[in-house]
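Dear colleague,

I am handing over the structure we discussed, and I would be grateful if you could look through it with the notes below beside you.

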Amino acid sequence: MTRTIKLAVIPGDGIGPEVITEANRVLDAVLEGGDVQLDRTVFELGAERYLKTGDTLPEDEQRRIAEHDAILFGAVGGVPGDPRLKQANIERGLLLKLRFDFEHYANVRPCTLFPGVESKLADPGNVDFVVVREGTEGPYAGNGGTLRPGTPAEVATEVSVNTAFGVERVVRHAFETAQSRPRKKLTWVHKTNVLVHAGSMWQRIVESVAAEYPDIAVDYMHVDAATIFMVQDPPRFDVIVTDNLFGDILTDLAGAIGGGIGLAASGNINPDGTFPSMFEPVHGSAPDIAGQQLADPTAAILSAGLMLDHLGLSAEGDRIRDAVRADLASRGAQSRGTSEIGDAVIAQLPQRGA
Ligand code: IPM
Ligand code: MN
């Protein structure tokens, strides 16, 4: 029997549409001849749409997106400094709104240095870890405000929100992730020496969940120290779990270590399946190179692979990763366009069941 997956596609702005085109071509190729088909709906959202119509994320569109099984997301954001976008804050109104409203509490960002890919590090060793970044709380919650704006006495607060419920669910997901990996190691990262209130709650929750996973080795690192270890000894990491903002920063660093942000994939996961999860490359819209076939679609393609894993199609996800691995290994110094890389990955797809 054929299984139909309802896929919402949000190509977005800048290089988003170009890289999503390639991710979709790879998805079609990997599913070809199988019993899974994709039923896609494209949602034109982002800065461009906002400039045309004034809409960021209309309620009825959000409701329709919610009816899908998964979301493939490119990138959003217009040209930096465009005064017409100042009011809008598309990132908050669209990307973060989807993450928050769809309970994408586990923002999963793998960092693998594939063979043949040059790292910025001289001697990186075997880099293969995954960051589970909390996705719905922390300083991203939007809790704060200003007083006396524009005056010398201006006050601005940005309150980090941490709930026991929210921390426990992401910590639990990280333990499950560690359980599924051979090394069974979890590092939780915070700043408990300074952020004592949230830090103490995170610590108690990690300790209590850890008791249920006796075979996972757990350690702790302050976030500042974690940046040093990530550069000096990335192989020491297996699974990292951390707060939303720490995770944002650490995963850009991880992107650089893993061969560049053009290869960095992510999944905004709702592990409970109450809303569709959303898969997106970590890079942004890069308006300076948009429309020129200069963007590397690998991060988007790998994100599509994560999507297949999440949908229970990990054999197909593995075939995408194998194809990317083969492409990267043979890439050398050649410079290729966006769709040429898509072609090359498709050509490297292993046979089904091979
Ligand atoms: C990311 C991005 C977003 C974030 C921005 C665009 C809101 O940097 O996905 O890492 O901060 O989460
Ligand atoms: Mn970021």
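By class, the shell around ligand 1 is made up of 5 charged residues and 2 nonpolar ones, with no polar residue in it. Please keep in mind throughout that this is a predicted model. The residues concerned are Glu91, Leu95, Arg99, Arg109, Arg133, Tyr140 and Asp248, and the element that contributes most to them is helix 4, residues 90-101, which supplies 3 residues to the shell.

As for the domains, the shell takes at least three residues from domain 1 (1-107 + 267-354) and likewise at least three from domain 2 (119-258).

Turning to individual contacts, a polar atom in the side chain of Arg99 is placed 2.7 Å from an oxygen atom of ligand 1, while for Arg109 the distance from a side-chain N or O atom to an oxygen atom of the ligand is 2.8 Å. Asp248 also has a polar side-chain atom that approaches an oxygen atom of ligand 1, in this case at 2.9 Å. Considered on its own, ligand 1 would expose 320 Å², and the protein buries 75% of that area.

With best wishes

How values were computed: Residues numbered from 1 in each chain as written. Chains lettered and ligands numbered in written order. Predicted model: local features only at pLDDT ≥ 70, side-chain atom pairs only at ≥ 80, totals over all residues. Heavy atoms only, no water. Near = heavy atom within 4 Å. Polar contact = N/O pair within 3.5 Å; in protein donor to acceptor, adjacent residues only side chain to side chain. Areas by Shrake-Rupley, 256 points an atom, 1.4 Å probe, with all protein chains shown as cover. Helix = DSSP H or I, 4+ residues; strand = E, 2+ residues; numbered from the N terminus. Nonpolar A, V, L, I, M, F, W, Y, C, P; charged D, E, K, R; others polar. Domains from an automatic or database assignment.
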